Amino acid sequence: MRKGILTIAAVGLLATGGLTACGDDSSPESGSSAKTPKIGVILPDSKSSARWETADRRFLEEAFKSAGVQYDIQNAQNDKTAFQTIADQMITSGVTALMIVNLDSGTGKAVLDKAKSQGVATIDYDRLTLGGSAQYYVSFDNETVGKLQGEGLSKCLTDKGVKNPVVAYLNGSPTDNNATLFKAGYDSVLKPKFDSKEYTKGPEDSVPAWDNAQATTIFEQQLTKANGKIDGVLAANDGLGNAAISILKKNNLNGKVPVTGQDASTEGLQNILAGDQCMTVYKAVREEAKAASDLAIALAKGERKDTGQTVKDPEGGRDVPSVLLTPKAIYKDNIKDVIADGYVTKEEVCTAAFAKACADAGIS
Ligand code: BGC
């Protein structure tokens, strides 16, 4: 790396959401010496999770607008060729910074390397591109996300008084580094229980591209394979959780078998209110978008910011300057916090069918 390497001392910046500028103009970030910021963002798809269109796009727009910078947010709709085409178009159109949520590390790396070679600053948004070259990585503490899921499932199984539960796994996409981190997190809670025979490990599958429809088929096969004996489902996000719930419903098992999730989607929150989902993990995407936007703008101005933290890229071996925000476990009794945070509205969640459950959960 260039001289003036970023310090890695944790200085508690994240607690306040603040970032400090090093303001070292003598060695600006590649090709971004005091340009007028124009930020390109490539979102991955709109089906693996509702968040990309309903939260990330909204909060990124909010951050860019309040900073008064130009931006272009596009969605690759899970198409790797389109992902590269969008990146090329954005680079040609003169973006000063490119923020990507990769579809896999291979195509992500190609895009990042190309941007770098053209003097465009780069940020890995939410997903780390393994072996990549992004100048920053902005995400949540994803191992903690998984840990909250493992603890949540365990709590719900205890609350239901299930003894020696058989636990099935619906992992995220095998090409998403986050899915690896989520699994490391929930394994840290559940594997000791499998090892001690307190729990029994049931079927486990990774869901390609987090495809919710495929997850339905996969979970149906898991249930068949387990002869109907699945007592808890560690589903890596709300979409996969909903897929499992749809099959549990077909078998009159919904509400009896706790299912986890992630993203605090409207559907996930409603599944919790209905008693079909045990918990979800809320990630304050507004903060994620704001942190990424601040960094992208600084890069355009030729500034470097000390994020106070790095993440080691296990493939490239690089210490990537990072912002990692804190996730929060959500159960029926604190769904109101997600609404209070402006992530979803009461009107979206508390439709007629959920009015009573909402009132019971103290959502007013
Ligand atoms: C994100 C999750 C999301 C999943 C599927 C992950 O990389 O961190 O929030 O549910 O991708 O889109």
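Which residues form one aromatic cluster with Phe-59? I found Tyr-282 and Tyr-343 in the cluster with Phe-59. I note here that the model is a predicted one.

**Entry: aromatic pairs**

I searched the whole structure and got six aromatic pairs. One of them is Phe-59 with Tyr-343, a stacked pair with 6.4 Å centre to centre and 25 degrees between the planes. I then looked up where the two residues lie. Phe-59 is in helix H2 (residues 51-67), while Tyr-343 is in the loop between helix H11 (335-340) and helix H12 (346-349), so the pair ties together parts that are 284 residues apart in sequence.

Are Phe-59 and Tyr-343 buried or exposed? Buried means under 20% relative accessible area. Phe-59 has 1% and is buried; Tyr-343 has 7% and also counts as buried.

**Entry: charges over rings**

I checked lysines against tyrosine rings. Lys-155 lies over the face of Tyr-331, 5.3 Å from the ring centre. For Lys-201, the charged end sits over the ring of Tyr-169, at 4.5 Å from the centre.

**Entry: the sheet**

I wrote down the strand order of an open sheet of seven strands: E3-E2-E4-E5-E6-E13-E12, with mixed pairing. Its edge strands are E3 (70-75) and E12 (310-312), each of which pairs on one side only. From one strand to the next the twist averages 25 degrees.

**Entry: strand E5**

I then followed E5 (residues 121-125) and its partners. E4 (residues 97-100) runs parallel to E5 and is joined to it by four bridges; Met-99 stands opposite Ile-123 of E5. E6 (residues 136-140) also runs parallel to E5, joined by three bridges, and there Tyr-125 stands opposite Val-138. Together with helix H4 (residues 105-117), E4 and E5 make a right-handed β-α-β unit.

Why is E5 largely enclosed by the rest of the structure? Five of its five residues are buried, so the strand is largely enclosed. I looked at each face of E5: Ala-121, Ile-123 and Tyr-125 are buried on one side, and Thr-122 and Asp-124 are buried on the other. In a regular strand, side chains alternate between the two faces of the sheet.

**Entry: helices across the sheet**

Helix H10 (residues 285-300) lies across E2, E4, E5, E6 and E13 (319-325), and runs at about 170 degrees to E5. Helix H3 (residues 80-92) lies across E2 (38-43), E3 and E4, at about 175 degrees to E2.

Key: Residues are numbered from 1 along each chain as its sequence is written. This is a predicted model: local features need pLDDT of at least 70, side-chain atom pairs count only at pLDDT 80 or more; totals for chains, interfaces and linings use all residues. Side-chain values use heavy atoms; hydrogens and water are left out. Buried means under 20% relative accessible area, exposed over 50%, partly exposed in between (1.4 Å probe, protein chains only). Helices (H or I, at least four residues) and strands (E, at least two) are DSSP runs, numbered from the N terminus. Two strands pair if DSSP finds at least two bridges between them. A crossover is right-handed if, with the strands pointing away from the viewer, the path from the first strand over the helix to the second runs clockwise. Axes are lines fitted to C-alpha atoms, for helices over the stretch in contact, and angles run from 0 to 180 degrees between N-to-C directions. Contact means heavy atoms within 4.5 Å. Rings of Phe, Tyr and Trp (its six-membered ring) pair if their centres lie within 6.5 Å; planes under 30 degrees apart count as stacked, over 60 as edge-to-face and the rest as tilted. A charge sits over a ring if NZ of Lys or CZ of Arg is within 6 Å of the ring centre and within 35 degrees of the ring normal.
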